[in-house]
Amino acid sequence: MPGGSVPLEGWSYNLEPVDFAHQLEKLQERGFRFVSLANYLAAGELPGGRSRKQVAVTFDDGWLDNHRYALPILDRLGVPATFFVVSGEMAGVKAERRMGAGELREMRAAGMDIGAHTRSHPNLASLSEARLDEEIGGCKADLEALLSGEVRHFAYPGGRFNGAVQACVRRQGFAAACGVVGAGANRPEARFALSRDVFTPRMERPRDRLLLHPVGRWLWRRGSALKAMRKRTEVGTTGGML
Ligand SMILES: [Zn+2]
């Protein structure tokens, strides 16, 4: 639930708790099975790939409301999730709006996965190699010291990355990294550019229905890939997911 970001018109990453619970229940009703991001990735390595009905839930930034509202819902429904956390200060964001050491340790103790999301949430695509190491490797080190355990997953702030950013994430020892949106197949070769789906709160719009249906997802993925290709051709860059 990043703070108020709206990637596409009418699409927000923020959800009311009641809508979040509704989404999870609706996915469960439709036969989707929730797995940790580690298990989602491991299933993708199996011959034949993972089931189309496996879902990994993720949150970005480390907002306090994740602990207050999302954790009890996840607990109740037995759903694992990954929380990508910024380990330093975020410009313009008060510390009390974000999870501190206590909340993060509680998350981990509740079986949730804590991932890294840099030290200060910069646009990584604009940083030098030294600054990339500091933001990406530094965040991993901060969280590992705080949690006394390994941090294996990363999410690019704002979904922005390029080859140098990806190389740094690999160099720093992460197992996988998430972009922001898209309906990619998330095959093993894309583990450092994982796509994520965003649903509208009640999951009732045409795009939601497309994403929930295997054939619809396939069509959506094809459309997204074509759009990304056109964008790359127009802009002349390979950076970024948006
Ligand atoms: Zn973020």
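This briefing walks through the fold, the core and a few local features of the structure above. The model is a predicted one, and its protein has eight helices and seven strands. Of the 242 residues, 30% are buried. Among contacts between residues at least 6 apart in sequence, 62% join residues at least 24 apart.

**Strands β4 and β5**

- Let's start with β4 and β5, which run parallel and are joined by four bridges.
- In this pairing, Phe84 stands opposite Gly115 of β5.
- Together with helix α4 (residues 101–109), β4 and β5 form a β-α-β unit, and that unit is right-handed.
- Side chains in a regular strand alternate between the two faces of the sheet.
- In β5, Asp113 and Gly115 point one way, while Ile114 and Ala116 point the other way.
- Both of these pairs are buried.

**The nonpolar core**

- The largest nonpolar core of the protein contains 41 residues.
- Phe83, Val85, Ile114 and Ala177 are the residues with the most contacts inside this core.
- Ile114 is worth a look in your viewer: setting aside neighbours within four places in sequence, Ile114 is in contact with Phe83, Val85, Leu104, Met107, Arg108, Leu143, Leu147 and Val151.

**Helix α2 and what covers it**

- Helix α2 spans residues 37–44, and its buried residues are Leu37, Tyr40 and Leu41.
- These three lie on the same side of α2, because they cover an arc of only 95° around the axis.
- The elements covering the buried residues of α2 include strands β2 (54–55), β3 (57–61) and β4 (81–85).
- Also among them are β5 (113–116), β6 (153–155) and β7 (176–178).

- Thr118 is not a glycine, yet its phi is positive, at about 75°.
- You will find Thr118 in the loop between β5 and α5 (129–147).
- Thr118 has 25 other C-beta atoms within 10 Å, so it is buried.
- Ser148 is another residue other than glycine with a positive phi, in this case near 50°.
- Ser148 sits in the loop between α5 and β6.
- Ser148 counts as exposed, because it has 8 C-beta neighbours inside 10 Å.

- Gly49 belongs to the loop between α2 and β2.
- With 14 other C-beta atoms within 10 Å, Gly49 is partly exposed.
- Gly49 and Pro188 are 139 residues apart along the chain, and their C-alpha atoms are separated by 8.8 Å.
- Glu25 is part of helix α1 (residues 17–29).
- Glu25 counts as partly exposed, with 13 C-beta neighbours inside 10 Å.
- Glu25 and Leu77 lie 52 residues apart in sequence, with a C-alpha to C-alpha distance of 8.0 Å.

Technical notes: Residues are numbered from 1 along each chain as its sequence is written. This is a predicted model: local features need pLDDT of at least 70, side-chain atom pairs count only at pLDDT 80 or more; totals for chains, interfaces and linings use all residues. A residue is buried if 20 or more other C-beta atoms lie within 10 Å of its own, exposed if 12 or fewer, and partly exposed in between; C-beta atoms are placed from the backbone. Helices (H or I, at least four residues) and strands (E, at least two) are DSSP runs, numbered from the N terminus. The arc is that of the directions from the helix axis to the C-beta atoms. Two residues are in contact if their C-beta atoms, placed from the backbone, lie within 7 Å. A nonpolar core is a set of buried Ala, Val, Leu, Ile, Met, Phe, Trp, Tyr and Cys residues joined through C-beta atoms within 7 Å. Two strands pair if DSSP finds at least two bridges between them. A crossover is right-handed if, with the strands pointing away from the viewer, the path from the first strand over the helix to the second runs clockwise.
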